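Let's take a walk through this one together. Keep the 3D view open and follow along.

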Amino acid sequence: MFDLGPHASFIWLSYAAVALVVGGLIAWLMLDGREQQRRLDELAARGVRRRSSGRKS
Amino acid sequence: MTAFFALLKRDLLLAVRQGGALGTALGFYMLVVTLLPLGLGADMNLLSRIAPGVLWIALLLAALLSLGRIFSSDYEDGTLDILATGTLPMELVVTSKSLAHWLSTGIPLALMAPILGLLLNLDLDAYPVLVATMLLGTPAVSFIGAVGAALTLRTYRGGLLIALLVLPLYVPTLIFGMAAVNGLLGVSGTSSALLILGALSLASVVLCPLAAAAALRLQMQ
Amino acid sequence: MQTLTQRLANPTRFMEFSGRLLPWISAAAALLIACGLYLGFSAPPDYQQGETVRIMYIHVPSAWLAMAIYSVIAISSFGLLVFRHPLADVSAKAAVPLGAAFTLLALVTGSLWGRPMWGTYWVWDARLTSVLILFFLYLGLMALRASLEDETLASKLTAILALVGIVMLPIIKFSVDFANTLHQPSSVLRVGGPTIEASLLTPLLLTAAGFTLLFSAMHLKAMRNEILRRRVKALQLAEVERAHTAQLAAAE
């Protein structure tokens, strides 16, 4: 790509680390969200309801 | 006020009778200091240079060992419940127990340091300076440690957890303790470190019981 | 007229509100970060540090977030203990792993930046040391919460620990600074020299703002997940209880 000087690998590594961690966090957040929603839908399908609402949340 | 001193006296008597905890802490202190020359080589010049720092660090680690017991034995046999409902406010109960810990463990460790200093070829001038700074700084060690003990009271095997929680909080005590030693020896820095160390100890005596008492109340619900 | 926090105290309303807000915040974050990085890489390299100054665009925001997130946790903890705000613990619990991650990134990027600059992967200068200790405070929060099964107890004890931490943090920072004035490390280069030039500052502010929005988006999402998780648990508990009472009734 562009010449980042003699220490280019440090720059790449830093950005890679950030991308990895941030990407990993986002992935975890989205997967976790989907999992919890799935469990809620499952429970709702089995007829388990919350006291406060008569409909799905 | 008499309740405070009665509790203090009782805890000190218990500590004296069950010498085990103090013995373990002192033994651990000695062991860690012994490991140093074994690990780093017996170069007496090197050892004497690092001796004050090593003695301070090992003291913190040894104190950590004894922290779990500040509240746990009373919690287990129900005494803590009685104390909680008694006339003494929880904050003063904590103050009394932390003070007992300082008197029964902190001070002995500080007094042991010069003896261990012999093993590390500690500078002769440094002996009184080291003990003085440790006596000044160990109240912070006991009172901050009590907060950790209160937070981990009901944790099974809380020993490691308390180390993780408390050691970062010990950093200022360590830094100012060492700075005070160096300042008094004229090696570097000023004598302001001694004052700051004292302030640290005083502040921890006043503030830490608040946090620890709050934690204890939650633990006992 | 209720304040925002009061209105959002209801989890359902929070879910609605955050659900609508989230896409916008995420988009804004991506935009700001992209702009910041583009400007950052098209600016001329710093005359002292060469190209490695580009690491600043992710290191400084990470370090800033490390501190800011702890403040969020402390404020949430205060909200829990003093105001008993219903979502305070959700906020604190969601923020802790995020804070630990950004602190770790600050350390890693700081170390990788330090190697070409100072020749070593680590120096015990005041800033890096403080961030390292901050990392341990985060680990402590996570460890304490993990060690307790009772969620209510865990929420309040970690809140106390967070508040103890926020009080100790300036003292720790002060002590580390103090230690450093006594033994100055070999050379601690300030970013870009005594002042940061504008061509470096603008991208930095952009990425810093972008990262902050990024955290906000992740925090909201994590809070939403946690709210769902607690609903699941409550429903599972209700289901078990219902089955239990039904069993008892059938046995008569």
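## Starting from one residue

Glu151(C) counts as partly exposed because 13 C-beta neighbours sit inside 10 Å of it. (A residue is buried if 20 or more other C-beta atoms lie within 10 Å of its own, exposed if 12 or fewer, and partly exposed in between, with C-beta atoms placed from the backbone.) Before going on, a word on the ground rules: this is a predicted model, where local features need pLDDT of at least 70, side-chain atom pairs count only at pLDDT 80 or more, and totals for chains, interfaces and linings use all residues. Residues are numbered from 1 along each chain as its sequence is written, while chains are lettered from A and ligands numbered from 1 in the order in which they are written.

So where does Glu151(C) sit? You'll find Glu151(C) in helix H6 of chain C, residues 151–182. (Helices are DSSP runs of H or I with at least four residues, strands are runs of E with at least two, and both are numbered from the N terminus.) The C-alpha atoms of Glu151(C) and Asp89(C) are 9.7 Å apart, although 62 residues separate the two along the chain.

Now follow H6(C) to the place where chain C touches chain B. That contact takes 23 residues from chain C and 19 residues from chain B; two residues are in contact if their C-beta atoms, placed from the backbone, lie within 7 Å. On the chain C side, H6(C) gives the largest share, 14 residues. This side has 19 nonpolar residues, three polar and one charged. (Ala, Val, Leu, Ile, Met, Phe, Trp, Tyr, Cys and Pro count as nonpolar, Asp, Glu, Lys and Arg as charged, and the others, Gly among them, as polar.)

What about chain A? Here 25 residues of chain A are in contact with 29 residues of chain C. The chain A side of that contact splits into 15 nonpolar, seven polar and three charged residues. Of the two pairs of chains that touch, A and C have the most contacts. Chains A and B share no contact, and their closest C-alpha atoms are 24 Å apart.

Finally, look inside chain B. Helix H3(B), residues 44–67, and helix H8(B), residues 158–184, have axes that come within 10 Å and cross at roughly 150°. (Axes are lines fitted to C-alpha atoms, for helices over the stretch in contact, and angles run from 0 to 180 degrees between N-to-C directions.) Among the residues that meet are Trp56(B) in H3(B) and Tyr170(B) in H8(B). By class, this contact has 13 nonpolar, two polar and no charged residues.
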